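Please keep the sequence and the model in view while reading.

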Amino acid sequence: MPVSRPPALRHPPYAVHVGACAAALLLLTACGNTSGTAAPKTPAAPANATASTGVAGPPAVRARKRAAPVPHAPVVRPREIPALGPKTRAAIPAGSRQVFVVTGDDYDSSLSTAVLYTRDNPSLGWLPVTTRWPAHNALNGWTDEHWQGDLRTPVGVYGLTYGGGLYAPPRTTFPYDQNPAFVVSGEGFDGEPLEGSFDYVVAVDYNRTPGVTPLDPGRPLGQERGGGIWIHVDHGGPTQGCVSLPLDRMRELLSDLDPAKKPVVVMGDEEALER
């Protein structure tokens, strides 16, 4: 009886596929690309690209952030003396670095306040060096055109160039005339004694020759335009045309005034100074 042979074994499909792939891979590894055509390359990502995962690349290829603009520094303007209008400010000499501002409560009022300002640093402007002091002016208030006997204080900007008084001055560089002629007696408009009012004075250069003693009788504009306008010790009531300050404030003013700073007084009622 003939012996039957078992059927020939066939390679499983997957074995053929693996073997073929292995052979192809071996051929490519040994010979390279024998077809003469360059293998396709994956395009390089731009230097500043971000991976598809959303994770930024290394620092060397990260996009530089645009610097935020630097804000401009605010413009700092020199300080002006408050409550003075353009006309009044324009009347202050450019070379003056001390201004004594006397501000009347009203055109017809005899009550005022006073502050001393200095301008030692032009970039900073005018700065107050005293507190606001109480003061008196003439009985009838203020006037733009002073006449003898009108009992009003002249409005304007005037030099301060000489002081004086019955007593020796406090320590000061301001020119000063100590003289026994600085005496006064009698009563003021409210019945207050006037004695001691001229213990310390500073002459206001209205209708007078600047740089001479307050006792000088000269009147360049004529006697009818008045004169003898001083800043002096307060006697507790209105004046005939002067400005008066408490005794301690007069001493402080004389100590602070510096002729090298070419001091001036700016005085008038509030409305007039705002012009």
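D205 counts as buried because its relative accessibility is 12%; buried means under 20% relative accessible area, exposed over 50%, and partly exposed in between (1.4 Å probe, protein chains only). The model is predicted, so local features need pLDDT of at least 70 and side-chain atom pairs count only at pLDDT 80 or more, while totals for chains, interfaces and linings use all residues. Residues are numbered from 1 along each chain as its sequence is written, and side-chain values use heavy atoms, with hydrogens and water left out.

D205 sits in the loop between β10 (201-203) and β11 (230-233); strands (E, at least two residues) and helices (H or I, at least four) are DSSP runs numbered from the N terminus. Beyond its neighbours within four places in sequence, D205 is in contact with Y158, G159, L160, T161 and P210, where contact means heavy atoms within 4.5 Å.

The structure holds 7 salt bridges, each a side-chain nitrogen of Lys or Arg within 4 Å of a carboxyl oxygen of Asp or Glu. One of them joins D120 and R97, with the closest N and O atoms 3.7 Å apart. D120 lies in the loop between β2 (111-118) and β3 (127-128) and R97 in the loop between α2 (86-91) and β1 (98-104), so this pair ties together parts 23 residues apart in sequence.

D120 also meets K261 in a salt bridge (3.0 Å, N to O). K261 lies in the loop between α3 (247-256) and β13 (264-269), 141 residues from D120. K261 is buried at 15% relative accessible area, whereas D120 is partly exposed at 48%.
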